[in-house]
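Good morning, and thank you for joining this group meeting.

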Amino acid sequence: MLGTSQRLKIRQASLTTGHVVLSPRSGQPPGADRKTDQGVGGKEGETAAGGRGWLRFDEGVEGGNLGDVRRSEDGGEYEIYLRHDAMNPRFRLWFHFCVSNNTPDQRAVATIVNFSKTRSLFKSGMTPVMRAGGCSQWSRMPPKDVFYYKSAKHNCHVLSMALKFGRSGDGYEIAYSFPYPYTRMQYELAWLDHLRLPFVRRQLLC
């Protein structure tokens, strides 16, 4: 469980200049197919829930796996449900998603609530990776902004992240660890084929 000082830090970090936008299908059970929020009247920076400051969650990246996003009753925090691994509903660990439509210097707290494992490197000090919009470099989130603990409400271990957006207003891309997508792997394998190295051989396993 979080100590009093940790709870205070999370509550303080959850004070935002706007609100949190939910998945438009948040009434469905976790893991339901999710659609990207659509803008209102085609105006940039607006969503079905409100204007700039209503955070928009998007799994439209390779390896994205958001299932559902739900706002807390006080409106200052939100819960993220992950989709399970392909063809295996028992495993939910990897995550990769984008957060956008924020205002400069906005603060928010995101909690992933349906991990399938209790043991995690997050217990040993590992933190998720993130990068600002338009940036190619990933970096670890500061340990002081990440909390992994047993939640009495959900009866499982959850991961809470204090999100602190910069002055530029750029959104974030957040992942469990440094992504290595399928497209990049295929590109690198094709490059090795192109080099025709005598010690490299590529063949189908089945």
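Which residues does Gln-137 touch, not counting residues up to four places away in sequence? Gln-137 touches Met-130 and Arg-131, where contact means heavy atoms within 4.5 Å.

Before I continue, a word on the source. This is a predicted model, in which local features need pLDDT of at least 70 and side-chain atom pairs count only at pLDDT 80 or more, while totals for chains, interfaces and linings use all residues. Residues are numbered from 1 along each chain as its sequence is written, and side-chain values use heavy atoms, with hydrogens and water left out.

Let me stay with Gln-137. It is placed in the loop between strand S7 (129–132) and strand S8 (139–140). Helices (H or I, at least four residues) and strands (E, at least two) are DSSP runs, numbered from the N terminus. Gln-137 is exposed, with a relative accessible area of 58%. On this scale, buried means under 20% relative accessible area, exposed means over 50%, and partly exposed lies in between, using a 1.4 Å probe and protein chains only. Gln-137 and Phe-178 are 41 residues apart in sequence, and their C-alpha atoms are 9.9 Å apart in space.

I turn now to the sheet. Five strands form an open sheet in the order S3-S4-S6-S10-S9, with mixed pairing; two strands pair if DSSP finds at least two bridges between them. S3 and S9 stand at the edges with a single partner strand each, so one side of each is left without a neighbour in the sheet. On average, neighbouring strands of this sheet are turned by 25° against each other, direction ignored. The axes behind that angle are lines fitted to C-alpha atoms, for helices over the stretch in contact, and angles run from 0 to 180 degrees between N-to-C directions.

How many of the nine residues of S10 are buried? Eight of them are, so S10 is largely enclosed by the rest of the structure. S9 and S10 form a hairpin with four residues between them, and Asn-155 in the turn has a positive phi of about 55°.

A nonpolar core is a set of buried Ala, Val, Leu, Ile, Met, Phe, Trp, Tyr and Cys residues joined through side-chain atoms within 4.5 Å. The largest such core has 27 residues, and those touching the most other members are Phe-57, Tyr-78, Ile-80, Phe-95, Phe-97, Met-161 and Ile-174. Among the elements giving two or more residues to this core are strand S2 (54–58), strand S5 (96–100), strand S10 (156–164) and strand S11 (172–175). Another core, of six residues, lies apart from it and includes Val-113, Phe-147, Tyr-149 and Cys-156.

Next, consider His-96, which is placed in strand S5. Is His-96 buried or exposed? His-96 is buried, with a relative accessible area of 4%. The side chain of His-96 makes a polar contact with the side chain of Glu-173 at 2.7 Å. A polar contact is a pair of N or O atoms within 3.5 Å; within protein, one must be able to donate a hydrogen and the other to accept it, and residues adjacent in sequence count only if both atoms are side-chain atoms. The side chain of His-96 also reaches the backbone oxygen of Glu-62 at 3.3 Å. Leaving aside neighbours within four places in sequence, the contacts of His-96 include Trp-138, Ile-174 and Pro-179.

Asp-170 lies in the loop between S10 and S11 and is partly exposed, with a relative accessible area of 34%. Asn-101 is found in the loop between S5 and S6 and counts as buried at 5% relative accessibility. Arg-196, in the segment after helix H2 (182–195), is exposed, with a relative accessible area of 73%. Most residues other than glycine have a negative phi.
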